[in-house]
Amino acid sequence: MKVYVNINDKRWNKYKIDFDKIANMVAGKKYLNSEVSIILTNDEEIQALNTQYRHINKPTNVLSFELNDDILLGDIYISFDTVYKEAAEQNISFVDHTAHMVVHGILHLLGFDHLTDKQALVMESKEIKILKKLGIKNPYDENICKDVSCCPGGRFSAFVQKIKIKQDGFWQYIIMALLGALTSFGFAPFYMWYCSVIGIAGAYYLMTRRTKTNWLKSFFAVLPFSAFYSICMFWWVLNSIYVVPELAQQFAIWTIPALIGIGLVGGIIFAIPFVVISSMCTIPACRPFLFAGIWTLVLWLREWLLTGFPWNPIANITMKAPLLSNSMSLWGALGLTFIIVGITAATVELVKSKKYTSVFVTYVIFLLLIVIAVAYGKYNIRESQIVNQNDSPLIRVIQPAQSAQQKATHSRKEAVLNAERNIKKLADLSMIDGDYDLLVFPETVYPFTVVDTDFPMSAALKKDIIIGANYYSAGKFYNSMLIADKNGFISHIYSKSHLVPFGEYRPLGDLIPTPGQLSQGNGAEIINIDINGNTFSFAPAICYEIIFSDSILPDGKIPDAIVNITNDTWFGKTPGVYQHLDMVRRYAIESGVPIIRANYSGISAFIASDGSVISYLPVGEEGVLDGFVWGSHETLYHKIGRNGWLIIILSFACICSISIYGLRKKG
């Protein structure tokens, strides 16, 4: 162990004390590469520190400022006046008593304490054993030094320990699970952003208070947090099992296994950032960059793992703060997530180690990023309000608001009758008064499978329409968006390319039953249609394709709008429906393109390119929505792209960590 000794009172120079020998006797081989600072001071300075950090306005013998880090253990302050006085009163050697203070202080830095009788017994036994090796008698034979004071940071830790459980105890797992559940309340429809911040901060504190452990122990320590966070965020997907009675009979048996699966898969994925910071040796000032960088990397990986499901990036908790959420037009959900997670971690480190300059520098860096976020968010909102040169057509969105039971067909006779009723309902809604130019219907709303380019419905309505339907071609079925003109001709067919696993195709073959087996489309494209002599360009997106960054807009192309047709009927009024809308809003901000959203049973909406909802139809409400689109513009995020921004974010985290590491001795 490296020992740095600072003498703030000249009286210490009279005594020859081998601080290196004492410290290394305490630390042993495990902390051979660690560092500790010992500041030899007096009552005046130590009383000021005691008052500031412990709110006790009197001098004491020793104070320990721990960093909860395996390399930089922390600082130990020892007062000449108090130690000299105690040594004289107890008729013991001043040098020996100082050695005891050093041993006591370093043990605190290594995680030992004396808040309870059991803790005190363990710590005193450790001190006696070490002092014996140094040739110093047992200081507790005469009840010496019972009131050894320590640790301003440790006092905070002691306070927390009084209201929580001990490390790796039963109650730690309970608290971790509660923190995971709490974190989920930052998203729609609750928008309690502070719950997510508190949840992450709490889990981060519990994991960083641990001494360096192997990754497996760290994983099991944080698993309750990540598993319950995942379950509380995604439980609503299982609501689809019970929507249609016939499907419920077949799939209900999978409810508990699916819930366990959500917890296990999410538990592994969301545990990764915590496992990394608790199993790697990092200093507090660098740890927030590592934590936020790994969290961002995990978010990026969620675009791909198990076909991808990047639902609810932490950035989405800012949707009620448009100046902040609009910074996603600069660096996307990846960048904003990095900042939120980073400043949360930096705040925890600042509270734990507020004396250290390097930790404060880390906090300031993230604070500056928030200032940049707000400034750029304001700029993007202004850009989104600029009206496009091309006249926008008046667009009507249809929301039939039928339940899944009403929509489903279970016999040939019922299928025909139901299809006729559905077509009539769509026609009736289309003919509500309004001088619109283009009709947009939801996903799979057309009750028949399309096999050719004839589409009588658009001819009967005498309108250009965009409609969701099942399409059959060359022996394959597709979930498609059809674009048909007023003459009844299908001019374009876009087929969904990002299919829902277990819902639209069988990723595990026949092991788990799946309602459908659809084929993939060709991916992102821009569709141009002529409306009253003007070209209206849009990017098609079916259902949850829109939750994937860079999935809809081809490189370098900015259309007038994105048309997103979807069907959230399966999820009723669960949080998933509202969160899906926020994922759409996020995409509008990132891309700088307004979105026209047609949902089967809610929420249909016109969304501006700054993510604001211009108009909408609530869940379960039948009706039409007429509106225009404007403000399409290319964002910096779209220019650089998701992958480019990931490289920038991770590089920034590395550069800051390396730079901050250079300040560690000052901190």
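**Reading a loop, a helix and a buried threonine**

Author: Leu-305 sits in the loop between helix H12 (287-301) and helix H13 (322-325). Keep in mind that this is a predicted model.

Reader: Is Leu-305 buried, exposed or partly exposed, and why?

Author: Compare its relative accessible area with two cut-offs: under 20% is buried, over 50% is exposed. Leu-305 has 43% relative accessibility, so Leu-305 counts as partly exposed.

Reader: Now a helix. How do I read H7?

Author: Start with the general idea. An α-helix has 3.6 residues a turn, so residues three or four places apart point the same way. Now the case here. H7 covers residues 170-183, 14 residues in total. From first C-alpha to last, H7 reaches 21 Å, close to the expected 20 Å.

Reader: Which residues of H7 are buried, and what covers them?

Author: The buried ones are Gln-172, Met-176, Ala-177, Leu-179, Gly-180, Ala-181 and Thr-183. Their cover includes helix H8 (193-208) and helix H9 (215-234).

Reader: Last, Thr-635. Where does it lie, and is it buried or exposed?

Author: Thr-635 is in the loop between strand S16 (623-627) and helix H20 (636-640). The relative accessible area of Thr-635 is 2%, so this residue is buried.

Reader: What is Thr-635 in contact with?

Author: Set aside neighbours within four places in sequence. Then Thr-635 contacts Ser-329, Asn-380, Ile-589, Glu-590, Ser-591 and Gly-592. Its side chain also has a polar atom 3.1 Å from the backbone nitrogen of His-638.

Notes:
Residues are numbered from 1 along each chain as its sequence is written. This is a predicted model: local features need pLDDT of at least 70, side-chain atom pairs count only at pLDDT 80 or more; totals for chains, interfaces and linings use all residues. Side-chain values use heavy atoms; hydrogens and water are left out. Helices (H or I, at least four residues) and strands (E, at least two) are DSSP runs, numbered from the N terminus. Buried means under 20% relative accessible area, exposed over 50%, partly exposed in between (1.4 Å probe, protein chains only). A polar contact is a pair of N or O atoms within 3.5 Å; within protein, one must be able to donate a hydrogen and the other to accept it, and residues adjacent in sequence count only if both atoms are side-chain atoms. Contact means heavy atoms within 4.5 Å. The expected span of a helix is 1.5 Å times one less than its number of residues.
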